[in-house]
Amino acid sequence: MSNRLNVLKTCKLYIGGKFSRSESEHFFQVPDKKQKPLANLCRASRKDLRNAIQVARKAQAGWAGRSAYNRGQILYRMAEMMEGRRDQFIAELERAVSSKRRAENEVDLAIDRLVHYAGWTDKYSALFSTVNPVASPHFNFSIPEPTGVAGIVAPDEQPLAALISLIAPVIAGGNVCVVLASEKYGSVACTLAEVIHSSDVPGGVVNVLTGFRADLVPHLAGHMDVNAVLFAADDPEQKKVIQENAHLNVKRVHFYEGTDWMKDDAQSPYYIIDFQEFKTTWHPVGT
Amino acid sequence: MQNTKNMRIPDFKLTVPVDQIGVEERAARFRTRSIKKESKLFALKLALQMVDLTTLEGMDSPGKVRQLCNKAMYPYEADPDIPKVAAICVYPNRVRLAAEILKGSGVHVASVATSFPSGMGTLESRIEEVKYAVDEGADEIDMVISRWAFLKGEYNYVFDEVATFKEACGPAHLKVILETGELETYENVRKASDIAIYAGADFIKTSTGKISPAATMPVTLVMLYAIRDYYLKTGSKIGMKPAGGIRDAKTALHYLAMVKETLGADWLTPDLFRFGASSLANDLLMQIIKQKTGQYQSPDYFSIG
């Protein structure tokens with residue numbers, strides 16, 4: 001069978017639980033670490049982005065309405081699926097960017113990090129909710145609620161660990177997201193989308209786009225139906241664009257540039273709280 | 001409008017053949033059209049002017065209708081350049097309220113009548129309902145035909161009822177709802193369109209919005225052909241109103257392209273073409289603002305209703 005032709009995977013976008021090519025029909029080639037062609041990735045257009053945001057919005061209420069425990073089960077299921085594909089992820093990372101040992105470390109850390117956030121889904125609310133002392137006969141309490149639709153711009157470094165570290169806390173807290181994968185290592189994101197697809201995550205909760213940041217970041221930041229933007233790449237110009245455009249509907253904006261996602265302290269419930277809004281309720285009580 | 005007395009009315013027992021595959025492929029072709037930039041903005045505004053803002057629910061309170069009327073007059077107050085919609089469409093018992101609010105605004109008041117949506121009332125009560133709605137201030141009446149009679153082959157019954165309601169309308173325009181979702185075949189749609197047109201309809205309308213499928217592009221195309229043939233024969237222009245299921249601006253633009261290429265630019269006016277819709281108006285508004293600002297919009301910032 002040595003003269004057999006390999007069947008190569010077409011990397012596609014992941015929008016609303018479906019794998020689709022870019023509406024623009026554009027694609028771009030990315031090299032591996034030896035500068036040989038690694039994959040052809042879809043170059044998502046602003047219309048693909050718009051479609052992804054639309055389906056994300058539709059999925060948001062359903063996802064936030066699930067019990068926290070169920071969201072945890074689904075995140076854990078993602079970890080199970082990743083474990084099954086451990087060798088594939090290691091091989092892909094090794095070919096694209098890393099040494100074998102570092103790739104193994106990164107995949108293991110990504111899986112463990114999913115389990116970490118799976119555990120937090122039904123606990124962070126209890127931890128961050130407060131009962132507030134007030135000077136009137138009211139029972140006053142504050143609880144976190146998901147921000148809504150988040151746009152996530154992933155960095156190029158540590159592509160898998162970063163993706164998981166960015167996506168997991170956002171969806172653990174009942175948000176939905178549109179992820180713009182690394183320009184250089186988007187193929188890893190495509191494989192991650194397959195994991196998400198096969199792990200009970202409802203369609204539209206995580207949408208993964210590959211493409212050029214410069215094409216998409218201004219529209220992501222300006223879109224009136226996006227509630228938060230998380231920018232983890234290192235690019236001062238795009239950062240400025242986000243800050244300028246995000247004011248239109250007062251988005252939450254978080255910049256995580258320069259974070260070493262392989263470190264132990266790159267996971268914590270505070271990453272979940274970054275995408276929560278606190279609702280305070282005044283409930284009258286008799287004196 | 002047209003003088004039916006001097007016109008040869010076709011034999012409705014004969015069927016005008018409709019090429020199902022041809023119609024569906026032709027209609028699908030319009031879905032590939034893309035209108036850009038200034039033309040798009042123009043088309044979006046035109047489509048908004050053609051909307052019959054509709055609420056036909058058992059839960060239509062006076063407050064809801066009042067809100068809808070305000071939406072009809074001022075769809076998006078932040079931008080004075082946004083046009084008004086064509087009409088609002090309500091049940092007869094809300095007509096008086098709507099007419100009071102919309103007086104002098106140029107927005108028409110349409111009322112469904114004739115035992116909408118089933119049409120299963122007695123002929124007397126249906127005529128009464130038309131007269132009541134007109135007396136209350138409706139200047140457009142949306143009637144439903146008796147589908148049971150049509151499907152039974154009693155074409156004269158349907159013809160006569162349309163003619164009767166037309167007479168009961170007086171000065172008000174009559175839109176005839178065929179409820180194409182219940183007519184089964186394109187031939188039937190064509191036949192019902194011909195009956196309605198020859199019996200005196202000012203507009204023919206696809207659906208009540210209560211039955212699925214509602215308006216589809218192939219069905220609308222068949223009805224447009226009926227309008228075109230009638231125009232070529234008599235020189236009279238009949239209006240068209242697809243209703244139900246048209247929710248997004250893109251689909252609305254496809255409809256406009258279809259009307260333009262089937263009937264010509266003369267029909268691209270609210271006097272001869274309407275969309276019966278409730279959620280379409282907001283999507284049109286969002287696309288108009290997107291076109292003007294370059295930013296994709298969110299329904300969070302547009303009034304409901």
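So, salt bridges between chain B and chain A: the count is zero. Keep in mind that this is a predicted model. The side of chain B that touches chain A still has charged residues, four of them, along with three polar and three nonpolar. What the interface does have is polar contacts, with three residue pairs found across it, both partners at pLDDT 80 or more.

How much area do chain B and chain A bury between them? About 940 Å², with 46% of that on carbon and sulfur atoms. On the chain B side, the residues that lose the most area to chain A are B:Gln295, B:Tyr296 and B:Tyr301, and together they make up 63% of what that side buries. Ten residues of chain B and eleven of chain A take part in the contact.

Okay, back to salt bridges, now over the whole structure. The search turns up 37 of them over all chains. Let me walk you through a few.

Start in chain A, with A:Glu244 and A:Lys240, whose closest N and O atoms are 3.4 Å apart. Both sit in helix H9 of chain A, residues 236-245, four residues apart, so about one turn of the helix separates them. A:Glu244 has 43% relative accessibility, so it counts as partly exposed.

Now chain B. B:Arg126 pairs with B:Glu161, and here the closest N and O atoms are 2.9 Å apart. This pair links distant parts of the chain, with B:Arg126 in helix H5 (residues 123-136) of chain B and B:Glu161 in helix H7 (residues 155-169), 35 residues apart. Are these two buried or exposed? B:Arg126 is at 1% relative accessibility, so it counts as buried, and B:Glu161, at 2%, counts as buried too.

Then there's B:Asp229 with B:Arg228, a salt bridge at 3.8 Å, N to O. Both are partly exposed: B:Asp229 has a relative accessible area of 30%, and B:Arg228 has 33%. Chain B also has a network, where salt bridges that share partners join B:Asp52, B:Glu140, B:Asp142, B:Lys175, B:Lys205, B:Lys241 and B:Arg274.

On to the helices. Helix H4 of chain A, residues 100-120, has 21 residues and reaches 31 Å from its first C-alpha to its last, close to the 30 Å expected at 1.5 Å a residue. Its buried residues include A:Glu106, A:Arg113, A:Tyr117 and A:Trp120. Among the elements covering the buried residues of H4(A) are helix H2 (68-84), helix H3 (86-96) and helix H6 (159-172) of chain A.

Over in chain B, helix H2, residues 37-49, has 13 residues, so at 1.5 Å a residue it should span 18 Å; its end C-alpha atoms are 19 Å apart, which agrees. There's a buried run in H2(B), from B:Ala43 and B:Leu44 through B:Lys45, B:Leu46 and B:Ala47 to B:Leu48. Those buried residues pack against strand S1 (51-54), helix H10 (249-263), strand S8 (275-277) and helix H11 (280-293) of chain B.

Last stop, B:Thr55. Where is B:Thr55 found? In the loop between S1 and helix H3 (62-73) of chain B. Leaving aside neighbours within four places in sequence, the residues in contact with B:Thr55 include B:Lys64, B:Leu68, B:Cys89 and B:Tyr91.

Definitions and conventions. Residues are numbered from 1 along each chain as its sequence is written. Chains are lettered from A and ligands numbered from 1 in the order in which they are written. This is a predicted model: local features need pLDDT of at least 70, side-chain atom pairs count only at pLDDT 80 or more; totals for chains, interfaces and linings use all residues. Side-chain values use heavy atoms; hydrogens and water are left out. Contact means heavy atoms within 4.5 Å. Buried area is the accessible area (1.4 Å probe) that two parts lose on being put together, summed over both. A salt bridge is a side-chain nitrogen of Lys or Arg within 4 Å of a carboxyl oxygen of Asp or Glu. A polar contact is a pair of N or O atoms within 3.5 Å; within protein, one must be able to donate a hydrogen and the other to accept it, and residues adjacent in sequence count only if both atoms are side-chain atoms. Ala, Val, Leu, Ile, Met, Phe, Trp, Tyr, Cys and Pro count as nonpolar, Asp, Glu, Lys and Arg as charged, and the others, Gly among them, as polar. Helices (H or I, at least four residues) and strands (E, at least two) are DSSP runs, numbered from the N terminus. The expected span of a helix is 1.5 Å times one less than its number of residues. Buried means under 20% relative accessible area, exposed over 50%, partly exposed in between (1.4 Å probe, protein chains only).
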